[in-house]
Amino acid sequence: MQPTFHRLAVIGAGTMGLGIVEVLVASGFHVQLAEASKEIGSAAVNRLQKRLNARVEKGKVTAEIVEAMVNRIQPVDQLEELRECDLIIEAVVEKSEVKEEIFTALDKITSPDAILASNTSSLSITSIASKTKHPERVMGLHFFNPAPYMPLVEVVQGLQTDPQKVEHMMDWVRHLGKEPVKVMDSPGFLVNRVARPFHLEAYRLVGNGVASKEQVDRILQDAGFKMGPFKLQDLIGIDVNYAASTSVYNEYFQEPRFQPHPQQKMMVESGYLGQKTKKGHYEYVE
Amino acid sequence: MWNNVVLLGDGPLFWEVRDYLGDYHVQVHTLDQGLPKEVHAVIDVELDDEQKKKSLRLLEDHIPSDVPIFSSALSRTATEIASWLSHPERVLGFSPILFYKMKRLEISLPLQFEESQLQAHLLFWKEMGKEMEVVGDEPGFVFPRMVALLINEAAFALTEGIATKGDIDLAMKKGTNYPFGPLEWADDIGVDVIVTILNGLYRELGEEKYRPAPLLKKMVYAGYIGQVAGRGFHTYKRTSSLVEW
């Protein structure tokens, strides 16, 4: 039997939410997309449509397929409309109080068998689950940005999550054509945690005068990394990277290995956030 | 002009440098084979610090005081290695990790180094097709230090049961585009080499953040040092294909 869900929803139409919607509708699923208002939801669907149309122009996909994909999305503006869903993926802003409010509400309106998943990259699944009456059906489903292209999905098992439901999710993610890894709930989960030294040690090497930023990037690229840590931070946003650093550090109760570097904070305070501000570790002229 | 080089050390690091120099038709000599009349450079990749000190001191008695000594400064600063010798001003640190693959060669200079000789000494590697990156003198340079810390964090995550070995490797390749998973990378470079680098950072910088994961140390005690031993995080057949254990 194919592992599947029958009624799916994504909450939040930001970069990650919309990316996940694209993955789901591309696999043929119908998805309810919940946002604060129908206008925000429709605007997001239009953004996706535009992005997909660009691929039609390049001949990568047909207009019929794109039309079918977009037609599978139903924007809604009330959580109550999700009560029949058996899989809901939350992808709203990374604020625990916002997520807790959503999970508490979903817990009340959905069947206890429905899976409530969070796409959080930094908040504890165990903590989110603990606010619900049925924590055994709450888990992490961490897609990577950009979700349509990055194959990895971390399926995160909280302390109270039912391991069987996690296994079922692993099968379903494979069925979606993605590569799932099972991760026990812990700060930064797996990728963001193991990758911490790539960023933090880069700052220390420069801070201690061992090498310049350019040298660090050149050497690590020569060793086989696709991008050096400073170029990569400019791409993902120095503020985003700094937030991930402080979150993992604090969640681990100030474990020294995860100690952020003062330079990270100063870059953020100065507005040097990377490519998006035209200046980060490197300068970007138009 | 660099026909005769003395190479100190053994194991995979030794083989890799020897083969590389062989490609450039350099005569590679070892201490136990006896030294040639003229020595143009010394390259030391010995991992064991006591043996390193012994070999370098023994060799120094038999070579002129201006022959450059390139020493792998993975667990000691180049400054400390230089301090073992009567002529410390001709010592340069260099990174032997991924020696064959990397075009760039990391070089570190001891405090005692005679700066006026830098270009003359680096000419050796330039003629061997390397591009130099002169970096500061802390143990482990840039790449060895970085990869050791990534592997250390992966070993901690594995110890804590966050994910399986296979999933840790898969996640870092698919989630962040690393060329290898950290655990398979450890097996390739050698778990003993990684622990040597971490021990050096921990001792010389004196910070908790460089503490080697106990699992890595136990693997060295058990001899599970990676591909060369047939067993590390993964097990290997002769063909060096990957098998889980």
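**View 1. Lining of the largest pocket.** In this predicted model, the lining of the largest pocket divides into 21 nonpolar, 16 polar and 4 charged residues. Here Ala, Val, Leu, Ile, Met, Phe, Trp, Tyr, Cys and Pro count as nonpolar, Asp, Glu, Lys and Arg as charged, and the others, Gly among them, as polar. The largest pocket holds about 1200 Å³ of space. Of its 41 lining residues, Phe144(A), Asn145(A), Asn192(A), Ile236(A) and Val240(A) are the closest to the centre. At least two lining residues each come from helix H1 (15-26), strand S6 (138-143), helix H7 (191-194), helix H8 (196-207), helix H10 (229-236) and helix H11 (238-251) of chain A, and from helix H6 (165-176) of chain B. H11(A) gives the most, with 6 residues. Helices (H or I, at least four residues) and strands (E, at least two) are DSSP runs, numbered from the N terminus. A pocket is an open set of points on a 1 Å grid over the protein atoms alone, with protein on both sides within 12 Å along at least five of seven lines, while a cavity is a set where a 1.4 Å probe fits but cannot get out; lining residues have an atom within 4 Å of a point. Grid points are joined across faces, edges and corners, and a volume is the space filled by probe spheres set on the points.

**View 2. The second largest pocket.** This pocket has a volume of about 590 Å³. It is lined by 28 residues, and the closest to its centre are Pro12(B), Leu13(B), Ile189(B), Asp192(B) and Val193(B). Helix H1 (11-23), helix H2 (49-60), helix H7 (182-189) and helix H8 (191-205) of chain B give two or more residues each. H1(B) has the largest share, 5 residues. The lining has 11 nonpolar, 7 polar and 10 charged residues.

**View 3. The largest cavity.** The structure holds 3 cavities of 30 Å³ or more. The largest cavity has a volume of about 100 Å³. Its lining is made up of Pro197(A), Glu201(A), Arg204(A), Arg257(A), Leu149(B), Asn152(B), Glu153(B), Lys209(B) and Tyr210(B). H8 of chain A and helix H5 (143-159) of chain B each supply at least two of the lining residues. By class, the lining divides into 3 nonpolar, 1 polar and 5 charged residues.

**View 4. The second largest cavity.** About 60 Å³ of space lies in this cavity. Among the residues that line it are Ser95(B), Phe99(B), Arg104(B) and Lys130(B). The lining residues divide into 5 nonpolar, 1 polar and 3 charged.

**View 5. The open sheet of chain A.** Eight strands form an open sheet with mixed pairing, in the order S3-S2-S1-S4-S5-S6-S7-S8. Strand S3 (73-76) and strand S8 (179-184) are the edge strands, each pairing on one side only. Two strands pair if DSSP finds at least two bridges between them. Strand S4 (residues 87-90) and strand S5 (residues 115-118) pair in the parallel sense over 4 bridges. Leu87(A) has Ile115(A) as its bridge partner in S5(A).

**Notes.** Residues are numbered from 1 along each chain as its sequence is written, and chains are lettered from A and ligands numbered from 1 in the order in which they are written. Local features need pLDDT of at least 70, side-chain atom pairs count only at pLDDT 80 or more, and totals for chains, interfaces and linings use all residues, while side-chain values use heavy atoms, with hydrogens and water left out.
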